Amino acid sequence: MTSTTDVNRLAAHSLGLRYGDRTILEGLDLELPGGAVTAIVGPNACGKSTLLRGLVRLLDPAAGTVTLDGADIHRMPARTLAKRMGLLPQQPVTPEAVTVEALVRLGRYPHQRMLSPWSKADQAAVEEALTRTGTAELRDRQVDRLSGGQRQRVWIALALAQETDLLLLDEPTTFLDLRHQLDVLDLVADLHAEAGRTVVMVLHDLGQAARYADHLVVLKDGRLAAAGPPTEVLTAELVESVFGVPCRVVPDPETGTPLVVPRARTRAAAAAPASASATAPASAAASASVPA
Amino acid sequence: MTAPTDPTRLTAPTAPTARTRRTGAITRRRARTAAWSLLALALLVLLTGVALGTGQVSISAWDALRALFGQGEPGNVLVVQQFRAPRVVSALIAGAGLAMAGSMLQRLFRNPLAAPDTIGITGGASFGAVLMLATGASQQLIPLAAVGGGLLAAMLLGGFAWRSKMAVTRLVLVGLAVQQGLAAAVNLMIVRFPAELASSAMQWTTGSLYGRNWTEVWIGGTAIALTAAALLLCQRRVAVLDLGDDSAGGLGLNPARDRLWLLLLTITLASLAAALTGPVAFVALAVPHLVRLLAGPPTLGTLGLTALTGAVLLLSADLLVLHVIPVHGLPVGAVTATLGAPWLLVLMIRQGRLPQRSS
């Protein structure tokens, strides 16, 4: 774990976010440590992706502010902000037939002026991004013909070519199989450890979040449920109150980080808790009592 | 971090590879675009010479090109400069403008069927032009009226289709309805025109190049050149918008605002082109697809190639109309529409088969 720093601190102050008339987040106060990996977790529709969109200014706050090192991001010129924060959206659009290198080059957009030619610094940033993500050998391939895992690494390369201190990723592992999920998370960990990026990502899997993040933000129904280091935050009580899943939290046998193990529940108990006593005996030994 | 690292995965090396290959896909695609552009340019010069030289007085292509710049026999200079050049230059300018506008619309709407003549823009431009003609205003105002009409059509389209999130097929269905409605309005106005105006108004029903003059060419050409230059300057922005609104926002754009401005520029370009020729079909729809087949996905370079190809295509169609098809007074729009109808069908069928790409 790297120690956190005083720069690249994103913070939300009484933040409220809305889609049309629908309030997603309300009264959120949050400080994300600089120089760390933060994971935002929570049940479906708790507003975690919305929070990320608010933090990168894709969504204007209905109330409150978002600050980066104390400065309101909504008062910064868009390009200045784009040089500080890179984003990997949940579902980016791959232009038809575009090649890997051509796509990654677009990450240089905030650094270019209207008539400035492609510079050596631009090319160097693209090479670095391709190399770091292991996509250099794919540079001439068409992005829409790559596998999901490769494509995700290419999109991360685009955000890297942007050369920002902060990298925000919205569910970067969602459409990937386990092996490629780990590849992407390892890559993110490397970017943090070796390239010094501050990372904020929305994750679905609590175990992965605990393994890869220094700081957890847990949301429930548009409000902050807990925030802090995974070892402190991720308790059985919290998981049950936020996700409604009774569980045990044990040390991950590989890493020692908290691992959430849901308690076994019988089909009968899940489907019809009232009549659980009739069918329970067979599995009673395995499952502890399941509160309805 | 405490995560175990898979040894087979590439850990980030410290330096980029020293030898950077310069024959990558980007370079190859650029070379191909340049080669096709040169070919299109050569074809354009050749066809311009042929078009300027063909007619009741036959002049060789080379002499006709020289005459265009005031060289050679005074008789040839007169024929070429006064009678033939305005029409030929109009075809080139309008063809280039329409093709560029088509390419931009297809990208901005992410819809391969979008074109000024499938979403009602050229219909609107014709409507504006005919309305101006009916008031008897001066010729110089026609391009302005056309742009107004094009924007009006865009607002109609927006009103009908925007709220339904511009679904791919609906955009074109609504657009065709707008185009047909405005074309009907144009026809209605023309049948009520006095006879002497009716003939000059025919251009606005199918698109034609008869009776162009230098005033129109200069005004239209300058405005088209300025609009096209503005669009070319924005190409990086367009490429970033191609990544979807979220990515574009993350790269420092305001996607909704930028898309709207680019759309306004594109509609202006298409309307100005339509002010010269009327609602010529097919060119704007087909050329971007052709260029994509020849040179790959859209870039700054392929947009230039698109303009050149559009110019060549419209001029070729006009040559057919004037000198090959033995029907007197056939409008060029009739030829392009004849070619365009099956092309539109092919595209619709192909699109129906293609799975929608989500990421």
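Biologist: How many residues of chain B are in contact with chain A?

Modeller: In this predicted model, 37 residues of chain B are in contact with 50 residues of chain A. A pair counts if the C-beta atoms, placed from the backbone, lie within 7 Å.

Biologist: Which elements of chain B give two or more residues to the side that touches chain A?

Modeller: Helix H1 (25-53), helix H10 (235-241) and helix H11 (245-250) of chain B. H11(B) gives the most, with 4 residues.

Biologist: What is that side of chain B made of, by class?

Modeller: It has 16 nonpolar, 15 polar and 6 charged residues. Gly counts as polar in this scheme.

Biologist: Now a helix pair in chain A. Why is H5(A) called roughly parallel to H6(A)?

Modeller: Helix H5 (residues 148-161) and helix H6 (residues 178-195) of chain A pack at an angle of about 15 degrees. Angles under 35 degrees count as roughly parallel. So H5(A) is roughly parallel to H6(A). Their axes are 9 Å apart, and the crossing is right-handed.

Biologist: Which residues make the contact between H5(A) and H6(A)?

Modeller: From H5(A) come Gly148(A), Gly149(A), Gln152(A), Arg153(A) and Ile156(A). H6(A) supplies His180(A), Asp183(A), Val184(A) and Leu187(A). By class, that is 3 nonpolar, 4 polar and 2 charged residues.

Biologist: What residues of H13(B) and H14(B) make the contact, and of which class?

Modeller: H13(B) uses Val283(B), Val287(B), Pro288(B), Leu290(B), Val291(B) and Ala295(B). Among the H14(B) residues are Leu305(B), Thr309(B), Gly310(B) and Leu313(B). The count is 9 nonpolar, 4 polar and no charged residues.

Biologist: Which residues of chain B does the UniProt annotation "transmembrane region" cover?

Modeller: The unreviewed UniProt entry gives several spans in chain B, including 260-287, 299-322 and 329-349.

Biologist: How much helix do residues 299-322 and 329-349 of chain B hold?

Modeller: Residues 299-322 of chain B are 96% helix and 0% strand. Their end C-alpha atoms are 34 Å apart. Residues 329-349 of chain B are 86% helix and 0% strand, with end C-alpha atoms 34 Å apart.

Methods: Residues numbered from 1 in each chain as written. Chains lettered and ligands numbered in written order. Predicted model: local features only at pLDDT ≥ 70, side-chain atom pairs only at ≥ 80, totals over all residues. Axes fitted to C-alpha atoms, helices over the stretch in contact; angles between N-to-C directions. Parallel < 35°, antiparallel > 145°, perpendicular 65-115°, else oblique. Left-handed = near helix turned anticlockwise from the far one by under 90°. Contact = placed C-beta atoms within 7 Å. UniProt positions renumbered as here; feature names shortened; annotations may be inferred.
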